[in-house]
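Good morning, colleagues. Please take a moment to look at the sequence and the structure, and then I shall guide you through them.

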Amino acid sequence: MQERYTRTAILLHWLIAAAVLAQIAFGWYLEIIPLGAPPRAAIINFHKSTGLVIGLLIVFRLAWRLTHTPPPLPESMPAWERSAARVNHVLLYACMLIMPIAGYTASNFSKYGVKLFNAVLLPPWGVDDRDIYALFNGLHVGTSYVFVTLIAIHTLAAAKHMVFPRHGILRRMLPL
Ligand code: HEM
Ligand code: HEM
């Protein structure tokens, strides 16, 4: 019997994969809302709120992952492919952390702060400074491009394992 991920790891993987993809689409949608449009602030606050919830899920996943060893990649896989998968996964975890932290930090260096689900104002703990805001916002936007590239590579690799299922890689992450 091939070693596989546990049910918790599988649940967290697909829940966060879906949430992150939706959040990226949401972020891109923010870019096309015209400046000054009345619902713009409410929609941006909704992105901030969903982003914080996803961020908490990610922190939980990372803590869980650091305390639970995943199944080793099969020896039958070429060494370069195993190394590439490991590097890709580490970078994916890094982007998962940087995205919410950079977005949240940027928001605290603006007078708007975060209005959680447009109901509870979390008063900003930083000063209202455009340069510091731009720094963290730049990190948020810049990391989003790296993240999308890594997800594309990751998904293509998974698709390759679906077409050539020699090592049973995709099955390890499926709930069947
Ligand atoms: C997993 C979490 C998150 C993801 C994947 C994500 C993703 C994105 C993406 C893709 C964009 C569009 C970038 C562009 O091309 O310009 C964006 C914009 C933005 N995000 Fe997030 N985000 C996340 C969490 C957060 C959080 C927690 C906050 C704040 C509390 C936040 C605040 C913003 C703001 C204010 C913008 C607009 C930036 C601008 O256009 O200047 N995001 N986000
Ligand atoms: C729909 C697209 C996706 C597919 C088909 C997919 C598939 C997989 C598969 C099959 C594995 C297991 C690899 C192994 O056996 O070692 C895996 C692991 C992983 N995936 Fe995805 N994935 C997708 C989307 C995502 C997204 C969007 C993220 C990031 C938010 C992500 C992050 C990860 C991470 C970090 C691992 C390593 C898990 C660990 O060992 O801790 N995946 N993925």
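How many residues surround ligand 2, and which are the closest? The model before you is predicted, so I begin with its conventions: local features need pLDDT of at least 70, side-chain atom pairs count only at pLDDT 80 or more, and totals for chains, interfaces and linings use all residues. Residues are numbered from 1 along each chain as its sequence is written, chains are lettered from A and ligands numbered from 1 in the order in which they are written, and side-chain values use heavy atoms, with hydrogens and water left out.

To return to the question, ligand 2 is surrounded by 20 residues, and the closest are His-13, Arg-65, Tyr-93, His-154 and Arg-172. A residue is counted here if one of its heavy atoms lies within 4 Å of the ligand. Several polar contacts can be named, a polar contact being a pair of N or O atoms within 3.5 Å; within protein, one must be able to donate a hydrogen and the other to accept it, and residues adjacent in sequence count only if both atoms are side-chain atoms. The side chain of Arg-65 places an N or O atom 2.5 Å from an oxygen atom of ligand 2. For Tyr-93, the distance from a side-chain N or O atom to an oxygen atom of ligand 2 is 2.6 Å. His-13 has a polar side-chain atom 2.8 Å from a nitrogen atom of ligand 2. Two or more residues of this shell come from each of H1, H2, H3, H4 and helix H5 (169-172). H4 provides the largest share, 5 residues. Helices here are DSSP runs of H or I with at least four residues, strands are runs of E with at least two, and both are numbered from the N terminus.

Sorted by class, the shell around ligand 2 contains 13 nonpolar, 4 polar and 3 charged residues. In this scheme Ala, Val, Leu, Ile, Met, Phe, Trp, Tyr, Cys and Pro count as nonpolar, Asp, Glu, Lys and Arg as charged, and the others, Gly among them, as polar.

Let us turn to ligand 1. Its surroundings comprise 23 residues, the closest being Gln-23, Glu-31, His-47, Asn-137 and His-140. An N or O atom in the side chain of Glu-31 lies 2.7 Å from an oxygen atom of ligand 1. In the case of His-47, a side-chain N or O atom is 2.8 Å from a nitrogen atom of the ligand. Tyr-145 has a side-chain N or O atom 3.4 Å from an oxygen atom of ligand 1. At least two residues of the shell are supplied by each of helix H1 (7-31), helix H2 (40-67), helix H3 (79-108) and helix H4 (130-163). The classes here are 12 nonpolar, 9 polar and 2 charged residues.

What of the protein as a whole? It has 5 helices and 2 strands, in the order α-α-α-β-β-α-α from the N terminus. The C-alpha trace spans about 55 × 30 × 25 Å along its principal axes. Of the 176 residues, 36% are buried, where buried means under 20% relative accessible area, exposed over 50%, and partly exposed in between (1.4 Å probe, protein chains only).

Ile-16, in helix H1, is buried because its relative accessible area is 1%. Beyond neighbours within four places in sequence, Ile-16 is in contact (heavy atoms within 4.5 Å) with Leu-57, Ile-58, Arg-61 and Met-96. Asn-45, in helix H2, also counts as buried, because its relative accessibility is 12%. With residues up to four places away set aside, Asn-45 touches Gly-113, Val-114, Lys-115 and Asn-118. Arg-166 lies in the loop between H4 and H5, and it counts as exposed because its relative accessibility is 62%.
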